Amino acid sequence: MAKRRVAILISGRGSNMAALLAAARSEDFPAEIALVLSNRPAAKGLAAAREAGLATAIVDHTRFGQDREAFERALQAELEKQQIDILCLAGFMRLLTPWLVSRWHGRMLNIHPALLPAFKGLDTHARALAAGVKIHGATVHFVIPEMDSGPVIAQGALAVRDDDTPDTLAARVLALEHRIYPAALRLVAEERVRVVDGRCVIDGAPVSDHVLLVPADEA
Ligand code: GRF
């Protein structure tokens, strides 16, 4: 099968983008990163993508005022120009409307720094600590119009330590993110992920390809 053409959408640092890029460098990876697109001209990850020699694009949402659909039309035009097959949101801080989401149904992935459906939204690590949960992690899911929802493709989990702060927890969860996002993209690009009754069924791959559990004494 030809490699799937992937666009990564970022707004900031781009460490998940870097993890996807690193994975895509290997010859047997079923996807290539054809475009890195940012809504923020100053996004750090954009500079890194340029340095890596990738095609980049900026669609600055502030140019469109309150008109979300006009912003999304401009974004869609960039994606079409590069004949993108799969979209990976990686720290992309814009809510998307059904106009765009429906166009990418089953082909748009997001990574969220919590074990969904727990802790949707922002400040997930501080909220997990405040709630006193003992297990925390990250989720890769298909995007649906409702924020931080949609069928779960892959999750990574670790034990929360008594002395964790939001920062220490964020750092360990981020390391998990960098492992589960490439794994989830691989499964989607290989067309191993079917959505049945709103849930992902993974064909022909071991559970360890989409579930990452850090042993409690290593977390
Ligand atoms: C990550 O924690 C991701 O889960 C969330 O935003 C953050 C982006 O970080 N959606 P980076 O830009 O990939 O470093």
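Colleague: In which loop is the place of aspartate 148?

Modeller: In this predicted model, aspartate 148 sits in the loop between S6 and strand S7 (152–159), where helices (H or I, at least four residues) and strands (E, at least two) are DSSP runs numbered from the N terminus. Residues are numbered from 1 along each chain as its sequence is written, and side-chain values use heavy atoms, leaving out hydrogens and water. Because the model is predicted, local features need pLDDT of at least 70 and side-chain atom pairs count only at pLDDT 80 or more, while totals for chains, interfaces and linings use all residues.

Colleague: Why is aspartate 148 called buried?

Modeller: Buried means under 20% relative accessible area, exposed means over 50%, and partly exposed lies in between, with a 1.4 Å probe and protein chains only. Aspartate 148 has a relative accessible area of 12%, and therefore counts as buried. Its phi is positive, about 50°, although aspartate 148 is not a glycine.

Colleague: What makes phenylalanine 119 buried, and where is its place?

Modeller: Phenylalanine 119 has 16% relative accessibility, so it counts as buried, and its place is in the loop between S5 and H5. Phenylalanine 119 also has a positive phi, about 55°, although it is not a glycine. That loop between S5 and H5 also holds proline 117, and the peptide bond from leucine 116 to proline 117 is cis, with omega near 10°.

Colleague: How do you know that the buried residues of H5 line one face of the helix?

Modeller: The buried residues of helix H5 (residues 124–131) are Thr124, His125 and Ala128. Seen down the axis of H5, they fall within an arc of 100°, so they line one face of the helix; the arc is that of the directions from the helix axis to the C-beta atoms. These buried residues pack against strand S5 (108–112), strand S6 (135–142) and helix H6 (166–189), and H5 is followed by glycine 132, whose phi is positive, near 75°.

Colleague: Is proline 30 buried or exposed, and which residues does it touch?

Modeller: Proline 30 has a relative accessible area of 14%, and so it is buried; its place is the loop between helix H1 (15–24) and strand S2 (31–38). Not counting residues up to four places away in sequence, proline 30 touches Ala2, Lys3, Arg4, Arg186, Ala189 and Glu190, a contact being heavy atoms within 4.5 Å.

Colleague: What makes valine 207 exposed, and of which patch is it part?

Modeller: Valine 207 is exposed because its relative accessible area is 56%, and it lies in the loop between strand S9 (199–202) and strand S10 (211–213). Together with Val211 and Leu213, Val207 makes a nonpolar surface patch of about 280 Å², the area coming from the Shrake-Rupley method with a 1.4 Å probe, where for residues only the protein chains shown count as cover. Patches are made of residues with over 30% relative accessible area and no salt bridge, joining like charges within 9 Å and nonpolar side chains (Val, Leu, Ile, Met, Phe, Trp, Tyr) within 5 Å. A salt bridge is a side-chain nitrogen of Lys or Arg within 4 Å of a carboxyl oxygen of Asp or Glu.

Colleague: Why is the chain called as compact as a globular protein of that length?

Modeller: The secondary structure of the chain comes to 6 helices and 10 strands. The radius of gyration of the chain is 17 Å, close to the 17 Å that the globule rule gives for 219 residues, so the chain is as compact as a globular protein of that length; this radius is taken over C-alpha atoms, and the rule is 2.2 Å times the number of residues to the power 0.38.
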